[in-house]
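Have the model open while you read.

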Amino acid sequence: MSSPGKSCIPAQRLAGRDLGLIRGERVLFRDLNFDLAAGQLLLIEGPNGSGKTSLLRVIVGLVQPQDGTITWRGADIAKQRQAYHDELVWLGHRLGFKGDLTVAENLRAEAGLRRMSAAPDLPVFEQLGIAALTGLPFRVLSAGQQRRVALARLLRVKAVLWLMDEPFTNLDAGGQALVTKLLQAHLAGGGTAVVATHHELNIDASVQRIRLI
Amino acid sequence: MNAGNSTAPSLFDGLSAIVRRDVLLAWKRPGDVLNPLFFFVIVSSLFPLAIGPDAEQLRLLGPGVVWVAALLATLLSLNSLFLGDFEDGSLEQLLLSPQPLPLLALAKSMAHWLIGGLPLVVVAPLIAISFQMSVDTIGAMLLTLSLGTLSLSLLGAIGAALTIGLNRGNALLSLLILPLAVPILIFGTRTVSLAATGDAYSAGAYFLGAYCMLAVTLAPFATAVALRISNE
């Protein structure tokens with residue numbers, strides 16, 4: 001938020017206007033607004049069951065909100081789905097890898113779906129501490145190792161927008177520090193991120209917070 | 001950011017990545033493929049034993065029995081079409097990929113046919129022999145079964161996508177798909193029967209071909225919409 005009060009359309013990336021979502025009888029949130037520019041992080045906080053994941057799924061476009069719109073680079077995301085998806089990477093609660101395939105086979109299948117960095121994968125695997133695991137079936141990895149493999153998606157896909165649901169789950173202290181470091185580097189490089197978590201996040205970046213109750 | 005040093009996958013890359021992944025997965029977990037196949041073989045090979053060795057009767061009943069068994073075996077395997085992807089989160093990644101969703105739905109259907117439909121077509125001649133079918137009849141059956149099971153994989157994907165989040169979706173899935181599957185069954189059986197009696201059977205084969213083309217062009221779009229709805 002370098003210039004509050006002044007509208008800066010070119011820098012603005014992701015924005016939510018008057019968002020509202022009702023699930024069953026419950027109003028999860030209403031009249032929610034946010035405005036994210038390059039280098040900014042949106043932190044969605046709140047206790048379990050407060051609708052963090054639901055809000056994240058609305059922002060990513062999996063769920064239609066009852067009210068309001070999400071815009072990406074000034075246009076409604078529902079009208080430019082492919083362009084929006086081309087620039088984002090989603091790290092959900094379920095990781096999206098096949099247990100019976102090896103790590104390498106899983107990652108290869110993913111390369112057909114998204115724009116991948118042309119850089120070699122090995123340095124990425126070494127950075128994440130999974131270089132020795134690529135020949136193993138995904139199923140036999142520990143929960144923390146599986147999380148680390150999923151982090152490879154963030155590094156291999158050169159996306160502008162990262163959306164992460166509870167990224168610290170199952171990770172050890174080293175892994176949590178790694179996620180923070182990756183986020184920090186992403187934001188410093190002009191990326192944008194939306195993170196839903198109940199963890200404390202010590203990050204040196206421009207952070208906006210949404211607290212759900 | 002630096003989008004310059006990255007390569008965007010082509011449409012064909014997306015299609016082949018899904019097909020290859022699903023076939024590889026089936027290769028590593030052969031039970032999923034073999035269950036419907038065993039069902040097909042057992043059901044259709046028990047009939048000749050129950051009916052008896054009367055060749056005339058077998059020739060009369062054969063096409064219907066083989067077709068019903070193939071239809072049921074395909075319906076059995078349809079339920080799991082999107083279930084695995086839904087449970088491990090791969091489906092979210094498909095929905096959020098920049099590739100067009102109908103293309104990915106088409107890839108899923110094609111993989112399902114390669115895994116489920118093609119093996120049925122391959123073993124069908126063995127079953128046909130036990131029904132005393134002639135070579136010409138077997139040819140007609142292979143043609144109609146190929147077109148029919150491919151149509152079923154494509155149309156069934158719509159139902160599988162709609163019933164994804166439901167707990168006991170299997171019965172509902174069969175109910176949804178049956179009205180679309182019945183024409184395939186009628187024309188498939190009739191075509192093989194006509195071939196068995198030595199009559200011209202090309203009309204039925206043309207109908208199945210047209211039905212299959214219709215399914216290839218329209219079903220992936222319906223499946224894509226159904227996937228978006230059931231993932232809300």
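Let's start in chain B, where the axes of helix α1 (residues 11-28) and helix α6 (residues 101-130) come within 9 Å and cross at roughly 35 degrees. Keep in mind that this is a predicted model. The crossing of α1(B) and α6(B) is right-handed. On the α1(B) side, the contact residues include Leu11(B), Leu15(B), Ile18(B) and Val19(B), while α6(B) brings, among others, Leu103(B), Ala107(B), Met110(B) and Leu114(B). By class, that contact has 14 nonpolar, one polar and two charged residues.

Next up is helix α2 (residues 31-51) of chain B, whose axis comes within 10 Å of that of α6(B), at roughly 20 degrees. Angles under 35 degrees count as roughly parallel, so α2(B) and α6(B) are roughly parallel to each other. This crossing is right-handed too. Among the residues making the contact are Pro36(B), Phe40(B) and Ser44(B) of α2(B), along with Pro119(B), Val123(B) and Ile127(B) of α6(B).

| Helix pair | Axes come within | Crossing angle |
|---|---|---|
| α1(B) and α6(B) | 9 Å | roughly 35 degrees |
| α2(B) and α6(B) | 10 Å | roughly 20 degrees |

Now for the chain contact: chain A puts in 32 residues and chain B 30 residues. On the side of chain A that touches chain B, the elements giving two or more residues are α2 (81-86), α3 (103-111) and β7 (116-117) of chain A. That side of chain A divides into 13 nonpolar, eleven polar and eight charged residues.

Conventions:
Residues are numbered from 1 along each chain as its sequence is written. Chains are lettered from A and ligands numbered from 1 in the order in which they are written. This is a predicted model: local features need pLDDT of at least 70, side-chain atom pairs count only at pLDDT 80 or more; totals for chains, interfaces and linings use all residues. Axes are lines fitted to C-alpha atoms, for helices over the stretch in contact, and angles run from 0 to 180 degrees between N-to-C directions. Helices (H or I, at least four residues) and strands (E, at least two) are DSSP runs, numbered from the N terminus. A crossing is left-handed if the near helix is turned anticlockwise from the far one by less than a right angle, and right-handed if clockwise. Two residues are in contact if their C-beta atoms, placed from the backbone, lie within 7 Å. Ala, Val, Leu, Ile, Met, Phe, Trp, Tyr, Cys and Pro count as nonpolar, Asp, Glu, Lys and Arg as charged, and the others, Gly among them, as polar. Angles under 35 degrees count as roughly parallel, over 145 as roughly antiparallel, 65 to 115 as roughly perpendicular and the rest as oblique.
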